[in-house]
Amino acid sequence: MNYHNLSTQDTVKALHTSIDSGLTSKEAGKRIHEYGENVLESKKNKSIITKFFAQFKDFMIGILIIAAIVSFVISLLEGHADFVDPIIIFAIIILNAILGVLQETKAEKSLEALKNMSAPTATVLRDGSQSVISSKDLVPGDIIHLETGHFVPADARLLTSINLKVDESALTGESHSIEKIADKSYSEDTPLADRKNIVYATSIITYGRGSAIVTSTGMHTEVGHIAKLIMQDDTPDTPLQKRLAQTGKVLGIAALLICLAIFVLGTLQGRPPFDMFMTSVSLAVAAIPEGLPAIVTIMLSLGVSRMAKKNAVIRKLPAVETLGSATVICSDKTGTLTQNKMTVTDIYSVSGREILDSKEACHILTLGSLCNDSTLKVTKKDITATGEPTENAIVLAACKVGINKAKLDLNNKRLAEIPFDSSRKLMTTVNKMEDGKILCITKGAPDVLLAKCTHYNDKGKILPLTNSKRAVLNKYNGDMAKRALRVLAVAYKETATVPKGTALMESALIFNGLIGMIDPPREEAKEAVFVCKRAGIKPVMITGDHITTACAIAKDLGILENQDKAITGTELSAMSEEALNNNIDEYSVFARVTPEHKVRIVKAFQKKGNVVAMTGDGVNDAPALKTADIGCAMGLSGTDVAKNAADMILTDDNFATIVSAVQEGRGIYQNIKKAIHFLLSSNIGEILTIFAAILMGLPSPLLAVQLLWVNLVTDSLPAISLGVEPADKDIMKNKPISPKAGMFANGLVFKIIFEGLLIGSLALTAFILGYRYKLGGTSNALTLGRTMAFAVLSLSQLFHSFNMRSEKSIVKIGIFSNVKHVLSFIVCSILLSAVIMLEPLAVIFKVVPLNNMQWITVIILSFVPILVVETQKRVNKNY
């Protein structure tokens, strides 16, 4: 039922209760059985064991498990009892599973945080007497008492309100406390944020007091609807997760097909089936980059560390890369795009707009500061004001021109006052001024205040307020309102004594001026919006504020321009899903929206194929944060509910930080792609080395233990070092990475195959040179050939890793611009030399020491990938 549409009397009748005595204890007991306790439900969490084993459903993980088991079986069959290979693979798998469980557990804290926001107790009228009970025992029809500082324990229709103000920012997104009025009713389609006769669970009473009749409890409250949305909507897989899953399937299927082909081919050649089985298993080990999941995890973690230094804390690792694919950023207005600080921007006297430090402006600010309850705190580092935001703005503006609120109050004693009242829309104080005069000062809504003025102050002259002058003042007010400024008028009159009563104080006033203020845009947000648009990302404003204010800020920032449209939550509710999905790209501003609207907006953008980033700070933002591909919560102003539902937390609540994070995300994706490019081209080289040798009737050039060493050591360290490669300087001038584009888009697959052929042919050449010609050596020909192939395969991949650093020449970007990569090259080269030259390791890896001629041959062959790819870059004009 829409209780905001009913009068207080009709609400009492509808809920069968009494204003004077409330419900009886017996009736309350019946209703708690009917409606349930006033608590938020949550879906049953999976056990840790269930979550752990769910991590192994990935196709790539399945292939890795098979590889580990096969590796274990090989060790037993060959009689080595060497379980290092399977242990390493299983360690990687378990590490990824543990990380997955930790991320999932964190996400489940959203509902717990939502529960913690509920009021623990409530002051209720039962059986004719007032008592304090646990809020979970509240039922519809209970009469509750509300005072400053109270949490609202349930949704309720106001019965009385005395200067009542409520902070609903966590629920509605409103940036300031809302005045509540009990004796009003609203149409059924009134947006939630405009229902001033209703108070909502989890809101906070910031001023005044009142009483209300509970209309909804538990999951039937507005915050309960949000809890349902959090439970219903699952976080979508990130583009990286989808791409890696696809890559894993391709690699796994390819590995199985290659194994089968090699086994059949070798058997047809008359080779022993057992030997061919061992060889095909070696190929399977070569085909799968065992270290890839760990490398991606490490690269994402490195990105997380870098982003934390830039005020972006990542809660879920894949979110780092998802940012790089973002095509739409939906941002809250207050505090993210704006400074969350009301600021005086315009002052008008009757003569027109005044500069801030003019005599007339200073007089207006002086009166505005006297008729004001804010307090000013001045320190060496900062000047702050405490109080209502619009009053804070006035005293801070006055301070800028040398008017100190504390000194004003000391020298111009307040004799009487009439507090602000929403029905009057005015506040009045009576002050004894320094010169001994007594002034009645009134500030408030311009239209109301002008009606109480009979004269105006024109540079010290007091003149009658004519209709033509009223029209001019109304025009000033209208101009500021069109620019979404909040406008207050200031007037005064001199009296001999303190007038008795509101009517005498607020009549026959002298109009003095208008003060316009707004929560201004962040300067850095303008540049960030420009960077977004240049990068092919659509910035969208989603706010609980009025559409006029939202549009003014959006135009100032560059979000709303050309053919962009703005829409309200009411209009959105009237729009069908089909219409919204078809026209979503036309809108850049959504104002006066509800939590359900935010989820609809995010889903509509996603259905158009967009990767959506969503910012928010309130309870009302949590469902949309969870639904979005990347949820960004505010660290300073954000609720725990929003933070726990998000993938990323902005510690400075700044839109510009999101754009920096997008840049970082693009760089990380670029580096992950480089690592995959490097690993797969290397692994294809390994496969082709063995495959070609089988076709040529040669023995296997590499053993399984050698292949695994190359994959887990020689490949991994350079791949990880690619994770710290700086992003290209012009990366934000490119369009977002399409979520539909595979990991091998834009010809990458052909590059990988070509480079794999190159590395494979070099390793095979080294094997033949050692096996057939020995190059001055006296060792066993087969072992020498395998040693040279092993050395070239390892060293050529290390040299090839330099090619992966950039599309540009290594000479142009500088060999030492990534010191960690150079160090990884040196470390891996030392490890390779140690395996070949140290006898205990040589025995394990079945290699022999090389002489000078053999080492020179290995180094020359290994350096060829640098020469070939550098030539290719020169041809492509990337030199």
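This is a predicted model: local features need pLDDT of at least 70, side-chain atom pairs count only at pLDDT 80 or more; totals for chains, interfaces and linings use all residues.
Lys-405 belongs to helix α15, which spans residues 405-411. Is this lysine buried or exposed? Its relative accessibility is 3%, and because the cut-off for a buried residue is under 20%, Lys-405 counts as buried.

When neighbours within four places in sequence are left aside, Lys-405 is in contact with Ser-369, Leu-370, Asn-372, Ser-374, Leu-376, Val-395 and Arg-414. One of these residues, Ser-369, also takes part in a polar contact, in which the side chain of Lys-405 reaches the backbone oxygen of Ser-369 at 2.6 Å. The C-alpha atom of Lys-405 is separated by 8.4 Å from that of Thr-366, although the two residues are 39 residues apart along the chain.

## Strand β19 and its two partners

Strand β19, made up of residues 486-495, is mostly covered, with eight of its 10 residues buried. Strand β16, residues 438-444, is joined to β19 by seven bridges, and these two strands run antiparallel; in this pairing Lys-443 stands opposite Val-490 of β19.

β19 also pairs with strand β20, residues 509-518, again in the antiparallel sense and over seven bridges. Here the bridge partner of Tyr-492 is Ile-510, a residue of β20. In general, strands of a sheet pair through backbone hydrogen bonds, and the pairing is either parallel or antiparallel.

## The eight-stranded open sheet

An open sheet of eight strands is arranged in the order β8-β26-β25-β24-β9-β21-β23-β22, and its pairing is mixed. Its edge strands are β8, residues 312-314, and β22, residues 565-568, each of which pairs on one side only. From one strand to the next, the twist averages 20°.

Inside this order, strand β21 (residues 538-543) pairs with strand β23 (residues 587-591) in the parallel sense over three bridges, and Met-541 stands opposite Val-589 of β23. Helix α26, residues 655-695, packs on the sheet, where it touches β8, β9 (328-331), β21, β24 (612-616) and β26 (648-650). The direction of α26 makes about 160° with that of β9.

## Nonpolar cores

The largest nonpolar core contains 76 residues, and those with the most contacts inside it are Met-307, Ile-329, Phe-511, Leu-514, Met-648, Phe-655 and Met-732. Which element contributes the largest share of this core? That element is α26, from which 13 of the core residues come.

Ile-329 illustrates the packing: not counting residues up to four places away in sequence, it touches Cys-532, Ile-537, Lys-538, Pro-539, Val-540, Ala-613, Phe-655, Ile-658 and Val-662. A second, separate core has 45 residues, among them Trp-709, Phe-802, Val-847 and Val-858.

## Thr-336 in the β9–β10 loop

Thr-336 is placed in the loop between β9 and β10, the latter covering residues 343-349. With a relative accessibility of 1%, Thr-336 counts as buried, since the cut-off is under 20%. Its contacts, leaving aside neighbours within four places in sequence, are with Ser-331, Arg-522, Thr-615, Met-634, Asp-653, Asn-654 and Phe-655. Of these, Phe-655 is also one of the residues with the most contacts inside the largest nonpolar core.

## Helix α30

Helix α30, residues 781-803, has 23 residues and reaches 33 Å from its first C-alpha to its last, which is close to the 33 Å expected at 1.5 Å a residue. Most of α30 is covered, as 20 of its 23 residues are buried.

## The protein as a whole

The protein has 34 helices and 26 strands, and buried residues make up 55% of its 879 residues. Among the contacts with a separation of 6 or more, 71% are accounted for by residues 24 or more positions apart.

Technical notes
Residues are numbered from 1 along each chain as its sequence is written. Side-chain values use heavy atoms; hydrogens and water are left out. Helices (H or I, at least four residues) and strands (E, at least two) are DSSP runs, numbered from the N terminus. The expected span of a helix is 1.5 Å times one less than its number of residues. Buried means under 20% relative accessible area, exposed over 50%, partly exposed in between (1.4 Å probe, protein chains only). Two strands pair if DSSP finds at least two bridges between them. Axes are lines fitted to C-alpha atoms, for helices over the stretch in contact, and angles run from 0 to 180 degrees between N-to-C directions. Contact means heavy atoms within 4.5 Å. A nonpolar core is a set of buried Ala, Val, Leu, Ile, Met, Phe, Trp, Tyr and Cys residues joined through side-chain atoms within 4.5 Å. A polar contact is a pair of N or O atoms within 3.5 Å; within protein, one must be able to donate a hydrogen and the other to accept it, and residues adjacent in sequence count only if both atoms are side-chain atoms.
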